[in-house]
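Please read them alongside the coordinates.

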Amino acid sequence: MTEPLKIAIAGLGTVGAGTLDLLTRNSDLLTRRCGRPFAVTAVSARDRRRDRGVSIAEYEWHDDPVGMAAGADADVVVELIGGSDGVAKAVVERALAAGRHVVTANKALMAIHGTDLAQAAETAGVSLAYEAAVAGGIPIVKAMREGLAANSIVRVYGILNGTCNYILSDMRESGRAFEEVLAEAQALGYAEADPAFDVDGVDAAHKLAILTSIAFGCEVDFDGVHCEGIRHVSPDDIAYADELGYRIKLLGIASMKDGGIEQRVHPCMVRRELPIAHVEGVLNAVVATGNFVEDTVYEGRGAGAGPTASAVVADIVDIACGRSIPTFAVPAADLRQLPAVPLDRHRGEYYVRLRVLDVPGVIADVAAALRDERISMEAMIQRGHSPDNIVPVVLITHETEEVAMMRALARIDALDTVVEPPRMIRIEAL
Ligand SMILES: NC(=O)c1ccc[n+]([C@@H]2O[C@H](COP(=O)([O-])OP(=O)(O)OC[C@H]3O[C@@H](n4cnc5c(N)ncnc54)[C@H](OP(=O)(O)O)[C@@H]3O)[C@@H](O)[C@H]2O)c1
């Protein structure tokens, strides 16, 4: 029998324990597929005594995961600790420097240090694999780097955060407010105790930055991602979207524009007929468009022990079989440095919701602010009276430039008759 592939695992939480479980339960299948067995030789986490639902008694224990990365008897170091810096980064750097292959699920690390780590892996002549870092169980890294290798990618977009998609789906079905649904998601374990990374769009932005690099062969530029979350989406917005034939989704969208890259994460209104509008709950979806293949669509679970372990072990299988592809599809030295295109130059239609005093002249003032920026209205909804004399007004614009829209919104916000900041959601034609 061929020598086993020796694996050291740093981090035994949700994903680490799931990975051990998969390696154990699918051991025979994996051996047949790779022509060699897998052997976990060493593990590390903070608390050796914690019950993880899987046995770790047979593996060499390390209190120090960084020491393990270079010192353990391993061909592959699997980093499942998390965080863009600190221990996780040290584990990956040390493993690469020691000539070990690295598999990680760490999107924060890859989004912020991906280019340097890709260079380090190439210098060491080893793989740096990260399928689990983007959209969990969906094999989107493999699909884009290998399945779509013949295409020039035109655009990539998707629902990249299951927590946000769960919250938005529940808000639509139940009519409940963001805070209430978030609290319930936290109680059920679908959202973190500190939900900021998810609901403020940062987690989706990490994943988009990685996808952008693969799609366009450029250095990973997390700072170039325009990022807005879902805290401001209200049940009213969701109800109006429904009335107008849209659904609200948090999308990450990347495309080439004017010789640079536009990367943005924000709530979008998408036509109800589009497939992505029907990706609900914790599911993720990615649409990658190639110049020959056209649209390709991938959907599945973006998180959880099983789906994420599936992606981690798929990377280990590649290493066991000797399959290796540059980290971001082209050699690190050839990754392009492309400028970030600011969102000011974005063009699209906009949904705007206002709360205004129900007095004569208010609509004329709002219309004047739009007219002065050459923004024309496609639709307006204004109905009803309320006891407090404050009524909602909803506008849909024709296509316009973001910078003009922002100027108009600032002017509308300053009107005495507009009683709270205007809420704006971009409409995506897709
Ligand atoms: N959870 C998901 O569904 C999911 C999906 C896709 C990607 N990911 C990514 O996968 C990675 C792991 O996520 P997770 O959900 O499995 O996290 P987790 O449940 O919080 O587990 C983290 C693990 O790292 C260990 N750890 C933390 N600090 C350490 C240190 N200084 N030294 C040694 N071990 C340390 C912890 O040890 P103790 O157990 O002893 O505390 C724990 O076992 C992250 O990068 C995350 O973004 C997660």
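1. Leucine 430 lies in the segment after strand E17 (423-428); strands (E, at least two residues) and helices (H or I, at least four) are DSSP runs, numbered from the N terminus. Its phi is positive, at about 50°, although leucine 430 is not a glycine. With a relative accessible area of 25%, leucine 430 is partly exposed; buried means under 20% relative accessible area, exposed over 50%, and partly exposed in between, with a 1.4 Å probe and protein chains only.

2. On provenance: this is a predicted model, in which local features need pLDDT of at least 70 and side-chain atom pairs count only at pLDDT 80 or more, while totals for chains, interfaces and linings use all residues. Residues are numbered from 1 along each chain as its sequence is written, and side-chain values use heavy atoms, with hydrogens and water left out.

3. Most residues other than glycine have a negative phi. Alanine 135 sits in the loop between strand E6 (128-129) and helix H6 (140-147). Is this alanine 135 buried or exposed? Its relative accessible area is 0%, so alanine 135 counts as buried.

4. The overall fold: the protein chain has 14 helices and 17 strands. Its radius of gyration (taken over C-alpha atoms) is 24 Å, close to the 22 Å from the globule rule for 430 residues, so the chain is as compact as a globular protein of that length; the rule is 2.2 Å times the number of residues to the power 0.38. The C-alpha trace spans about 85 × 45 × 35 Å along its principal axes.

5. Of the contacts (heavy atoms within 4.5 Å) between residues at least 6 apart in sequence, 74% join residues at least 24 apart.

6. The accessible surface of the protein chain is about 18300 Å², and carbon and sulfur atoms account for 49% of that surface; areas come from the Shrake-Rupley method with a 1.4 Å probe.

7. Charges: the chain carries 41 positive and 61 negative charges, and their mean positions are 3 Å apart. Lys and Arg count as positive and Asp and Glu as negative, without His and the chain ends; each charge is placed at NZ of Lys, CZ of Arg, CG of Asp or CD of Glu.

8. Cysteines: the structure contains zero disulfides (pairs of cysteine sulfur atoms within 2.5 Å). For cysteine 218, the nearest cysteine sulfur is that of cysteine 227, 17 Å away. Cysteine 218 is buried at 3% relative accessibility. For cysteine 227, the nearest cysteine sulfur is that of cysteine 164, at 9.4 Å. Cysteine 227 is partly exposed, with a relative accessible area of 33%.

9. Histidine 346 is in the loop between helix H12 (305-320) and strand E13 (347-357). It is buried, at 3% relative accessible area. Leaving aside neighbours within four places in sequence, histidine 346 has contacts that include Glu262, Arg264, Glu401 and Arg426.

10. Glutamate 228 falls in the loop between strand E8 (225-227) and helix H11 (235-244). It is partly exposed, with a relative accessible area of 25%. Not counting residues up to four places away in sequence, glutamate 228 touches several residues, among them Asp200, His266 and Arg426. The C-alpha atoms of glutamate 228 and glutamate 3, 225 residues apart along the chain, are separated by 49 Å.
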